[in-house]
Amino acid sequence: MDIDFSAFESLTKNHSTEEGVSARFYDRSIKTDDIDAQGFPIFKNVCFCKIRIKDNNSEVFDQPANEDKKKRFPQEYARYLLSKKQVAEGTPLEQFAFLSLAEIDTLKVRGIFTVEALANLSQEKAQSLGISKEQKLAQKFAEQASGNKQIADWHQKEEQYQYRLKQQEEEIYRLRKALHKRGN
């Protein structure tokens, strides 16, 4: 997976559209009024916008993101969309057990949202971003995961063969039974 760092770097040059105000877009699971066939509630992901005002930790505005907030904080919303695109194609950093929360946030600030994106960075880019250690861990993880994928694929094929074999054995049993009835 290639990361478009030029697009991300242009986002980081324009930190926030408002001085002293920071915004972060994220997804939150919200319970709807609907229920499924088994009577369980149905949830959906909703994009939220958390707004903080500098030097005022007591006031945090955390509401569903509407078009006004997307227009008010275009760079932050673009970062959110970039993270969603990367995560759709890879493993979220939060699932990488070797990173602390601080390291995850450090990587996200640099436009890296998945383990694969981290592993695929060039050595020079990782050094320039100061994340060489994290990149090497991600590369090891990706190497091991590719081996696990081959094993998982083999296991899935094996299960398919076992299923087909069982179906054929059942068919042979039915045919023998039918043949035996005709013989009597």
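1. Basis. The model is predicted, so local features need pLDDT of at least 70 and side-chain atom pairs count only at pLDDT 80 or more, whereas totals for chains, interfaces and linings use all residues. Residues are numbered from 1 along each chain as its sequence is written, and side-chain values use heavy atoms, with hydrogens and water left out.

2. Sheet. Three strands make up an open sheet in the order β1-β2-β3, with antiparallel pairing. Strands (E, at least two residues) and helices (H or I, at least four) are DSSP runs numbered from the N terminus, and two strands pair if DSSP finds at least two bridges between them. β1 and β3 are the edge strands, each pairing on one side only. From one strand to the next the twist averages 30°; axes here are lines fitted to C-alpha atoms, for helices over the stretch in contact, and angles run from 0 to 180 degrees between N-to-C directions.

3. Strand β1 (residues 21-35) and strand β2 (residues 41-53) run antiparallel and are joined by twelve bridges. Phe-25 stands opposite Cys-49 in β2, and Ile-35 has Pro-41 of β2 as its bridge partner. Five residues lie between the two strands of this hairpin, and Gly-39 in the turn has a positive phi of about 90°.

4. Six bridges pair β2 with strand β3 (residues 56-64) in the antiparallel sense. Phe-48 has Pro-64 in β3 as its bridge partner. This hairpin has two residues between its strands, and Asp-55 takes a positive phi near 65°.

5. How many aromatic pairs does the structure hold? The structure holds four; rings of Phe, Tyr and Trp (its six-membered ring) pair if their centres lie within 6.5 Å, and planes under 30 degrees apart count as stacked, over 60 as edge-to-face and the rest as tilted. One of them is the pair of Phe-25 and Tyr-77, with ring centres 5.2 Å apart and planes at 75°, so the pair is edge-to-face. Because Phe-25 lies in strand β1 and Tyr-77 in helix α3 (residues 74-89), the pair ties together parts that are 52 residues apart in sequence. Phe-25 counts as buried at 6% relative accessibility, and Tyr-77 is buried with a relative accessible area of 19% (buried means under 20%, exposed over 50%, partly exposed in between, with a 1.4 Å probe and protein chains only). Phe-25, Tyr-77 and Tyr-80 form one aromatic cluster.

6. Aromatic pair of Tyr-26 and Phe-48. The ring centres of Tyr-26 and Phe-48 are 6.0 Å apart and the planes lie at 35°, so this pair is tilted. The pair links distant parts of the chain, with Tyr-26 in strand β1 and Phe-48 in strand β2, 22 residues apart. Both Tyr-26 and Phe-48 are buried. Arg-28 lies over the face of Phe-48, at 4.0 Å from the ring centre; a charge sits over a ring if NZ of Lys or CZ of Arg is within 6 Å of the ring centre and within 35 degrees of the ring normal.

7. Cysteines. The structure holds zero disulfides, a disulfide being a pair of cysteine sulfur atoms within 2.5 Å. Cys-47 is in no disulfide, and the nearest cysteine sulfur, that of Cys-49, is 7.5 Å away. For Cys-49, the closest cysteine sulfur is in Cys-47, and this distance is too far for a bond. Cys-47 is buried with a relative accessible area of 15%, and Cys-49 is buried with a relative accessible area of 0%.

8. Helix α4. Which residues of helix α4 (residues 101-109) are buried? They are Glu-103, Ile-104 and Leu-107. Seen down the axis of α4, these buried residues fall within an arc of 100°, so they line one face of the helix; the arc is that of the directions from the helix axis to the C-beta atoms. Leu-101, Ala-102 and Val-109 are exposed on the other side of α4. Gly-111 follows α4 and has a positive phi, near 85°.
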